[in-house]
Amino acid sequence: MSDIVLSGEGKLLKLLGEERVLLEQMKKLTDEQARHIEKDEFEELGKLLDKRQELIEKINGLHQESAPLMQSCVSSSDYEMVVKIDELKSKIKQILAECNDQNNRNVEELRHKSQDYAERIETQSSKRKVIGGYAQAVPNSSEKFDKKT
């Protein structure tokens, strides 16, 4: 029975390691998002979001696979393995927190930019109305134009 627990712990350690690697990739993509947001490169941002979604799906799969193994790890007698697993879990939590913080900053920056763009559009719209009013006041008859020249 201890072989089953050890193989389960080994598998859990492997799954958590894979999850950590994927989360580090997620962190890099999240940081890259910030650069694209700053430069208003929204097409590239969309591509990054697609890549992140793929990673999220892989991470979710690993998490679903590791969740039952996590239950058995709690009652493990292999102290070294439990320590390694706890260290990996701590690293994963740290990476998740960093991703979350950067993601929140990215969302806030996008809100700020969208508000700026909305204000620009509104300003241009009001200017267009003024120009439209001016254009209506200016005669557009070629007859009057010919008389003035």
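Modeller: A residue is buried under 20% relative accessible area, exposed over 50% and partly exposed in between, using a 1.4 Å probe and protein chains only. This is a predicted model, in which local features need pLDDT of at least 70 and side-chain atom pairs count only at pLDDT 80 or more, while totals for chains, interfaces and linings use all residues. Residues are numbered from 1 along each chain as its sequence is written, and side-chain values use heavy atoms, with hydrogens and water left out.

Colleague: Why does Y117 count as partly exposed?

Modeller: Y117 has 28% relative accessibility, which lies between the 20% and 50% limits, so the label is partly exposed.

Colleague: What makes F42 and Y117 an aromatic pair, and of which kind?

Modeller: Rings of Phe, Tyr and Trp (its six-membered ring) pair if their centres lie within 6.5 Å; planes under 30 degrees apart count as stacked, over 60 as edge-to-face and the rest as tilted. F42 and Y117 are 6.5 Å centre to centre with 75 degrees between the planes, so the pair is edge-to-face. F42 sits in helix α2 and Y117 in helix α3, 75 residues apart. Helices here are DSSP runs of H or I with at least four residues, strands are runs of E with at least two, and both are numbered from the N terminus. A search of the whole structure finds 1 aromatic pair. F42, at 35% relative accessible area, is also partly exposed.

Colleague: How many helices and strands does the protein chain have?

Modeller: The protein chain has 4 helices and 0 strands, in the order α-α-α-α along the sequence.

Colleague: Why is the link between K11 and E65 called a salt bridge?

Modeller: The term requires a side-chain nitrogen of Lys or Arg within 4 Å of a carboxyl oxygen of Asp or Glu. The K11 and E65 side chains are 3.5 Å apart, N to O, so the distance meets that limit. K11 lies in helix α1 and E65 in helix α2, so the pair ties together parts that are 54 residues apart in sequence. The structure holds 8 salt bridges.

Colleague: What sequence separation do R20 and E24 have within helix α1?

Modeller: R20 and E24 are 4 residues apart, about one turn of the helix. Their closest N and O atoms are 2.8 Å apart, so they too form a salt bridge.

Colleague: How do you know whether Q102 is buried or exposed?

Modeller: Q102 has a relative accessible area of 11%, which is under 20%, so Q102 is buried. Q102 is in helix α3. Contact means heavy atoms within 4.5 Å, and Q102 touches T30, D31 and A34, not counting residues up to four places away in sequence.

Colleague: What makes up the largest nonpolar core?

Modeller: A nonpolar core is a set of buried Ala, Val, Leu, Ile, Met, Phe, Trp, Tyr and Cys residues joined through side-chain atoms within 4.5 Å. The largest has 20 residues, and those with the most contacts inside it are L12, L16 and I85. Helices α1 (2–38), α2 (42–74) and α3 (79–137) each supply at least two residues of this core. Beyond its neighbours within four places in sequence, L16 is in contact with M70, I85, L88, K89 and I92.
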